[in-house]
Amino acid sequence: MRALRKVAPGAGLEWTDVEEPGCGPWDVKVRVLRAGICGTDLHILDWDASAEAMCDTVPFTPGHEFYGEVVEVGEEVTDVRVGDRISGEGHVVCGVCRNCRAGRRQMCIRTRSLGVQRDGAFAEYVTLPHQNVWVHEHDGGEELISPELGAVFDPLGNAVHTALKFPVVGEDVLIAGAGPIGQMAAAVARHAGARYITITDISPQRLAMAEDCGADVVLDVADSRVRDAQRRLGMREGFDVGLEISGQARALQEMIENMNHGGRIALLGLPSTQFEIDWTMVVTRMITLQGIYGREMFETWNAMSAMLSTSETLRAAITRTITDVLPASQWERGFEIAKAGTAGKVVLDWSTLDG
């Protein structure tokens, strides 16, 4: 089968042929139809310090955001069937550590990630444990979840986990970072009943997309400050909930400065370096900082499936965050678009390898 591989340590990926994966008794084999390009994949392409720290087995196939059709199930699998259209939870957990046994699988201490520490979905076929499969529709159905929408369930799950970590009904929400996940978070917060939503970035294109997702104020922090948004909205106090998705030091610092006393911040963005924050302000304003990693397994999956199945508006908003769908053979162009940081989500089409 065709696959996009990291064949050796160092920059670059290789479009190559590899053997199809097998299917163990508890596994599911999937024909990949669409696969999204994630920031993690950009790190793997460049083979920077972050990628070296994450990826402990080379060669391997990257790719962890995907949608596909089940073509084979293991003999012990009873809850997934051939023909199902599915997405996959990319965090493969041990099942026996304290957190796994307590039902907190997203906190497993031995997590192995699809497309990072084991072969992923930048290929015609991928195999994963049956408990990591999320079935959208049976018998090839695409009536509700399109292949493109199914391919972004992983990043949508990050957005849902972050946006709904704290109650947002009637609250004023500040989002730092208007990339695809920030846009999705704005749409989810709007759907969930937030009062005012402000989102910050330095990309005019992405800020425009965030406005289409329901943000009341989009703020280019290259020349404006968060306090400007508060004045425009007539806010008398600070923001109630912050969603830090950018990973930028100044974004979190300014977010803390503009939180109301007792405000709560969910942190998804990964900083590239360590930096200082005003701990006196955090303590005296009684601000909560909560790290977010991946998706709650599988409460987040239930939440996003339920919201998408009942809201055409939300489905349309999330679909609009997908700006480019390219044949998988044009992966280099796809990575260029993703790296530029001005588009939305980029998805590779594995159903046809031409073009």
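The following dialogue works through how several terms are applied to this predicted model.

User: What conventions apply to the residue numbers and to the predicted model?

Analyst: Residues are numbered from 1 along each chain as its sequence is written. In this predicted model local features need pLDDT of at least 70 and side-chain atom pairs count only at pLDDT 80 or more, while totals for chains, interfaces and linings use all residues, and side-chain values use heavy atoms, with hydrogens and water left out.

User: Which residues make the contact of α1 with α13?

Analyst: Contact means heavy atoms within 4.5 Å, and on that basis Asp41, Leu42, Leu45 and Asp46 of α1 meet Trp331, Phe335, Ala338 and Lys339 of α13.

User: How many nonpolar, polar and charged residues does the contact of α1 with α13 have?

Analyst: Ala, Val, Leu, Ile, Met, Phe, Trp, Tyr, Cys and Pro count as nonpolar, Asp, Glu, Lys and Arg as charged, and the others, Gly among them, as polar; under that scheme the contact has five nonpolar, no polar and three charged residues.

User: Where are the domains, and what is their source?

Analyst: Domain bounds come from an automatic or database domain assignment, which gives domain 1 (2–156 + 295–349) and domain 2 (166–291) for the protein chain. The centres of the two domains, taken over C-alpha atoms, are separated by 28 Å, and their contact takes 16 residues from domain 1 and 13 residues from domain 2.

User: Which peptide bonds are cis, and where do they lie?

Analyst: The bond from Val58 to Pro59 is cis, with omega near 10°, and Pro59 sits in the loop between α2 (49–54) and β4 (65–73), a strand being a DSSP run (E, at least two residues). The bond from Met297 to Phe298 is also cis, with omega near 5°, and Phe298 lies in the loop between β15 (288–291) and α11 (299–310).

Definitions and conventions. Helices (H or I, at least four residues) and strands (E, at least two) are DSSP runs, numbered from the N terminus.
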